[in-house]
Amino acid sequence: MSVPNDLSNVVKLGSDNYPAWERSIMPILMIKAAWSIVDGTESPPQDATQLYDFQKRKQTACGLLLASLDSDQLVHLDSADLTDPKAIWDKLKAIHVLQKPVSRFIAYQDLFSILKHEGEPLPVLATRVKSAMKKVKDMRPSNYTVSDLDEELGCMVLIKALPESYGALRSNLM
């Protein structure tokens, strides 16, 4: 299997394809040894020799991220963000992955509505479930607790239980 070394196989980030873009750009950033800079787990080193390598990988990360965006996505970035790959990543994620209760509600609905298709192999079904679970997990903030989940599930059930005549109320609550 050949290792991609350019952006030819990377999905360009548009308005509605963040998960596909994330899955396609992340491996390139890892290959270029730049992912740890993007996710913030690597800080600039003190040693000047190592700092040069860090800055080079940081520029590579910025270049790869910016080159993988549709032109309409650049409006989300301030000029100060353009040289900080973590800021680019975090801002795009915040815009495209809304960690709000209504987003989680929709993600849970999608998860719970999965049914096995006629003739669908079980591994394919398992992959669809895994993908839906990833979407649910991505919708949760880092400080999300089981108590938060319990509270939201109770609210979701109440909203879902309302009859159609409460449509306006349901819309306002979500």
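Select I88 to begin: I88 is buried, with a relative accessible area of 0% (buried means under 20% relative accessible area, exposed over 50%, partly exposed in between, with a 1.4 Å probe and protein chains only). The model is predicted, so local features need pLDDT of at least 70 and side-chain atom pairs count only at pLDDT 80 or more, while totals for chains, interfaces and linings use all residues. Residues are numbered from 1 along each chain as its sequence is written, and side-chain values use heavy atoms, with hydrogens and water left out.

I88 belongs to helix 4 (helices are DSSP runs of H or I with at least four residues, strands are runs of E with at least two, and both are numbered from the N terminus).

Now show the whole of helix 4, residues 85-96, together with helix 1. Two packed helices are described by the angle between their axes and the distance between the axes. Here the angle is about 160° and the axes are 11 Å apart (axes are lines fitted to C-alpha atoms, for helices over the stretch in contact, and angles run from 0 to 180 degrees between N-to-C directions). That makes helix 1 roughly antiparallel to helix 4 (angles under 35 degrees count as roughly parallel, over 145 as roughly antiparallel, 65 to 115 as roughly perpendicular and the rest as oblique). The crossing of helix 1 past helix 4 is left-handed (the near helix is turned anticlockwise from the far one by less than a right angle; clockwise would be right-handed).

Stay on helix 1 and pick I28, which lies in this helix. I28 is buried, at 3% relative accessible area. For a distance across the model, pick L162 as well: I28 and L162 are 47 Å apart in space, C-alpha to C-alpha, and 134 residues apart in sequence.

**Either side of helix 1**

Go to A33, in the loop between helix 1 and helix 2 (35-38). A33 has a positive phi of about 55° although it is not a glycine. With a relative accessible area of 40%, A33 is partly exposed.

Next select L7, in the segment before helix 1. L7 counts as partly exposed, at 27% relative accessibility. The C-alpha atom of L7 is separated by 40 Å from that of E152, 145 residues apart along the chain.

**The largest pocket**

Rolling a probe the size of a water molecule over the atoms shows where empty space is left. The largest pocket has a volume of about 310 Å³. On a 1 Å grid over the protein atoms alone, a pocket is an open set of points with protein on both sides within 12 Å along at least five of seven lines, whereas a cavity is a set where a 1.4 Å probe fits but cannot get out; lining residues have an atom within 4 Å of a point. Grid points are joined across faces, edges and corners, and a volume is the space filled by probe spheres set on the points.

Select P19, H96, V97, K135 and M139, the closest to the centre of the largest pocket among its 14 lining residues. Helix 1 (18-31), helix 5 (101-112) and helix 6 (122-138) each give two or more residues to this lining. By class, the lining of the largest pocket has 6 nonpolar, 3 polar and 5 charged residues (Ala, Val, Leu, Ile, Met, Phe, Trp, Tyr, Cys and Pro count as nonpolar, Asp, Glu, Lys and Arg as charged, and the others, Gly among them, as polar).

Show helix 5 and helix 6 together: their axes come within 9 Å and cross at roughly 165°. That makes helix 5 roughly antiparallel to helix 6. Helix 5 passes helix 6 in a left-handed crossing.

**The second largest pocket**

The second largest pocket holds about 230 Å³ of space. Select P101, E152, C155, I159 and L173, the closest to its centre of the 10 residues that line the second largest pocket. Helix 5 and helix 7 (146-161) each give two or more residues to the lining, and helix 7 gives the most, with 5 residues. This lining has 8 nonpolar, no polar and 2 charged residues.

**Last stop**

Finish at G167, in helix 8 (residues 167-173). G167 is partly exposed, with a relative accessible area of 27%. Its C-alpha atom is separated by 29 Å from that of V146, 21 residues apart along the chain.
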